[in-house]
Amino acid sequence: MSDIVLETKDLVKHFPITQGIVFQTQVGAVRAVDGVNIELRRGETLGVVGESGCGKSTLAKLLVGLEKPTSGAINVRNQNMVTLKGGELRRARRNIQMVLQDPYTSLNPRMTVGDIIGEPFEIHPDVAPKGDRQRKVQDLLDTVGLNPEHINRYPHQFSGGQRQRIGIARALALRPEIIVCDEPVSALDVSIQAQVINLLGALQDELGLSYIFIAHDLSVVRHISDRVAVMYLGKIVEIGNDEEIYEKPTHPYTQALLSAVPVPDPTLRGLRDQIVLEGDVPSPANPPSGCRFRTRCWKAQSICAEQEPLLEPRPNSPHPSACHFAEVRDVISAVE
Amino acid sequence: MTDIKAEFEAVPGVDPNAPLLEVTDLHVEFRTQYGVAKAVNGANFRLAPRETLAILGESGCGKSVTAQAIMGILDSPPGFITRGEVRYRGVDVLKLPENERRRVRANQIAMIFQDALSALNPVFTVGFQLGELFRMHRGMSRADAKKRSIELLDQVKIPAAASRVNDFPHQFSGGMRQRVMIAMALALDPEVLIADEPTTALDVTVQAQIMGLLAELQQQRNMGLILITHDMGVVADVADRISVMYAGKVVEEAPVYDIYSRPAHPYAKALLESIPRLDMKGQQLSVIKGLPPALTNIPPGCPFNPRCGYARDVCRQDPPPPPYTVAADRTARCHFWEEVVSS
């Protein structure tokens with residue numbers, strides 16, 4: 001029980017859509033995150049996958065407190081981050097830090113690397129006394145595999161992979177237990193991507209970190225995650241450990257998503273089980289009734305429009321799956 | 001109709017028996033205030049009808065610049081083609097005067113860009129932008145051009161094409177926008193289609209739709225397709241042959257099956273080993289140490305030598321390794337390719 005470091009309860013974020021210039025009235029809401037329950041254990045990596053617009057980045061922002069949830073709770077070490085205020089909130093936030101997607105825009109070009117990585121200490125002065133900061137920053141640079149002597153350089157003097165290391169060092173500065181990684185490698189080239197993934201893995205072993213790893217690249221997520229949550233239109237549709245999601249997926253969306261990922265092996269061409277979905281993701285401002293995936297699903301029946309399937313284990317799905325017709329179908333190793 | 005097409009399409013000196021597209025020893029450099037960046041240093045490849053050639057490489061390896069040089073849309077200055085030939089059916093298009101070059105573009109060689117939102121003009125409807133091709137290149141009336149535009153949108157499977165033709169680019173989703181780009185590239189029946197990272201900005205499910213559409217259209221029209229990408233998965237699914245580029249050079253060119261099973265260049269081998277695979281739970285990923293060289297300062301000898309595990313003294317000295325013949329249809333620029341293939 002005590003090893004759960006992060007837990008969300010029915011987390012909801014609706015962005016209002018307003019009309020009018022002087023008298024603004026709310027005419028609707030974009031349901032970016034609509035009832036998400038996750039648990040993260042110590043030293044564990046939870047992967048979150050989904051297409052663009054499914055709410056995964058909004059979820060990340062909610063977790064680190066960059067957005068205020070419409071309702072629901074985020075418990076970190078049994079403290080509800082949503083209701084905390086002032087100094088207590090600031091102290092609690094140290095525990096959950098974030099690595100951002102684009103290392104080219106997430107570092108201030110006018111600040112030196114030392115200032116960027118040391119900035120968390122400015123905001124939380126009780127973590128490191130002033131005289132100690134430079135040494136701490138240099139230690140951090142060393143931890144992420146950069147030269148500590150480069151403390152006075154500017155971001156443009158580093159390559160993309162090195163900049164992402166700076167971003168990771170900044171997230172590590174306050175010694176958090178949890179790091180939320182929002183697409184940390186999607187802006188990097190493959191050869192550099194492998195370096196950053198390996199670094200994240202090594203840091204986890206060394207410091208006992210827990211990661212929420214958000215990405216759209218399913219191969220990368222499989223590589224790094226212990227458990228994986230699949231999101232569609234603001235809801236988690238399937239969650240399970242790596243083997244359950246990748247080898248025994250039961251939700252049609254997970255199956256379609258997996259089958260669409262190209263495998264770098266030409267001998268499998270034409271042999272893989274490919275499910276090509278029609279159309280685009282519906283607008284989160286006006287999601288379909290019942291099951292949100294039913295408009296693109298080949299299994300959809302009338303019950304899917306009427307009754308929303310809950311995320312729970314089902315007769316044919318030992319792990320939680322939000323589909324009335326959940327059924328195991330191996331799409332990635334189905335080669336005959 | 002056919003007469004109009006013939007008149008507008010005629011490129012003098014075209015030999016129908018010559019290879020569809022042949023790029024020989026292409027060199028492109030950018031003259032900047034910080035020095036001369038050698039973006040392409042001897043690119044060679046050949047494309048046949050119905051064939052899919054993938055140009056694979058990381059950012060900055062010169063793959064997009066090669067495509068721009070073939071299309072004749074290089075920003076010049078600062079970009080200059082310093083050497084080489086781009087032969088379309090035997091005609092060196094680099095030597096054509098600008099007005100004839102324009103006919104080749106879109107009529108014979110067309111291109112799809114990565115980011116459809118910035119490649120389309122936001123202040124005109126997609127119907128207008130598609131129709132422009134027919135009006136300029138075919139001399140059609142506005143009404144006829146619009147009719148053809150609707151047909152084209154239909155061919156790329158945009159639902160309710162007739163009603164969407166008057167929409168603006170921002171009213172389309174990412175995948176639909178890329179379909180509009182494809183329609184635009186195919187409007188004048190080109191024989192060569194260059195797709196520069198056509199699906200990089202799209203989600204995997206949409207990527208599967210777009211790649212399927214491209215393959216279908218390629219078969220229907222007997223097009224040669226040059227697919228520029230960094231995604232080794234997409235390449236494995238669609239390509240016939242692969243050219244791997246590094247620091248402006250094609251370091252390995254081979255049929256797709258050979259390169260994935262037994263790469264002959266250390267860079268190609270390292271790239272394949274550094275990607276996590278969906279159907280395998282990962283061990284430690286192998287890493288290519290270091291960074292690609294700055295194009296203003298490419299190391300002597302083989303450009304990959306500072307990052308290469310096979311490198312010896314000969315690799316660090318000029319001249320750089322020539323394209324050794326590995327098999328009849330396969331070359332690799334590595335002195336030690338035999339060692340790499342057999343390891």
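Q: At which residues of chain A does UniProt place the feature "domain: ABC transporter" (unreviewed entry)?
A: This is a predicted model, in which local features need pLDDT of at least 70 and side-chain atom pairs count only at pLDDT 80 or more, while totals for chains, interfaces and linings use all residues. Residues are numbered from 1 along each chain as its sequence is written, and chains are lettered from A and ligands numbered from 1 in the order in which they are written. UniProt positions follow the numbering used here, with shortened feature names and annotations that may be inferred rather than shown by experiment. For chain A, the UniProt record places this feature at residues 6-258.

Q: How far apart are the end C-alpha atoms of residues 6-258 of chain A?
A: Helices (H or I, at least four residues) and strands (E, at least two) are DSSP runs numbered from the N terminus. On that basis the span is 36% helix and 27% strand, and the distance between its end C-alpha atoms is 27 Å.

Q: Which residues of chain B does UniProt list for "domain: ABC transporter" (unreviewed entry)?
A: The span listed for chain B is 42% helix and 28% strand, with its end C-alpha atoms 28 Å apart. According to the UniProt record, an unreviewed entry, the feature covers residues 21-272 of chain B.

Q: What radius of gyration does chain B have?
A: The C-alpha atoms of chain B fill a box of roughly 65 × 50 × 40 Å along the principal axes. The radius of gyration is taken over C-alpha atoms, and the globule rule is 2.2 Å times the number of residues to the power 0.38. For 343 residues a compact globule would have a value near 20 Å, which agrees with that of chain B, 21 Å.

Q: What percentage of the 343 residues of chain B count as buried?
A: A residue is buried if 20 or more other C-beta atoms lie within 10 Å of its own, exposed if 12 or fewer, and partly exposed in between, with C-beta atoms placed from the backbone. Chain B, which has 13 helices and twelve strands, has a buried share of 47%.

Q: Which helix gives the most residues to the side of chain B that touches chain A?
A: Counting two residues as in contact if their C-beta atoms, placed from the backbone, lie within 7 Å, 37 residues of chain B are in contact with 35 residues of chain A. The elements of chain B that give two or more residues to this side are helices H9 (204-221), H10 (232-238), H11 (256-261) and H12 (266-273). With six residues, the element that gives the most is H9(B).

Q: Which strands stand at the edges of the eight-stranded open sheet of chain B?
A: Two strands pair if DSSP finds at least two bridges between them, and this sheet has mixed pairing in the order E6-E7-E8-E3-E9-E10-E12-E11. Each edge strand has a single partner, so one side of each is left without a neighbour in the sheet; these strands are E6 (109-112) and E11 (324-327) of chain B.

Q: Which residue stands opposite B:Leu56 in E8(B)?
A: Strand E3 (residues 52-56) and strand E8 (residues 224-229) of chain B run parallel and are joined by five bridges. In E8(B), the residue opposite B:Leu56 is B:Thr229.

Q: Which residue in E4(B) stands opposite B:Glu29?
A: Chain B also has an open sheet of four strands, paired antiparallel in the order E2-E1-E4-E5. Eight bridges join the antiparallel strands E1 (residues 21-32) and E4 (residues 79-88) of chain B, and the residue in E4(B) opposite B:Glu29 is B:Phe80.

Q: How many of the six residues of strand E10 (residues 227-232) of chain A are buried?
A: In a regular strand the side chains alternate between the two faces of the sheet. A:Arg227, A:Ala229 and A:Met231 point one way from E10(A), whereas A:Val228, A:Val230 and A:Tyr232 point the other way, and all are buried. Strand E10 of chain A is therefore largely enclosed by the rest of the structure, the buried count being six of the six.

Q: Is A:Lys85 buried or exposed?
A: A:Lys85 is found in the loop between strand E6 (79-80) and helix H2 (86-93) of chain A. With 7 other C-beta atoms within 10 Å, A:Lys85 is exposed.
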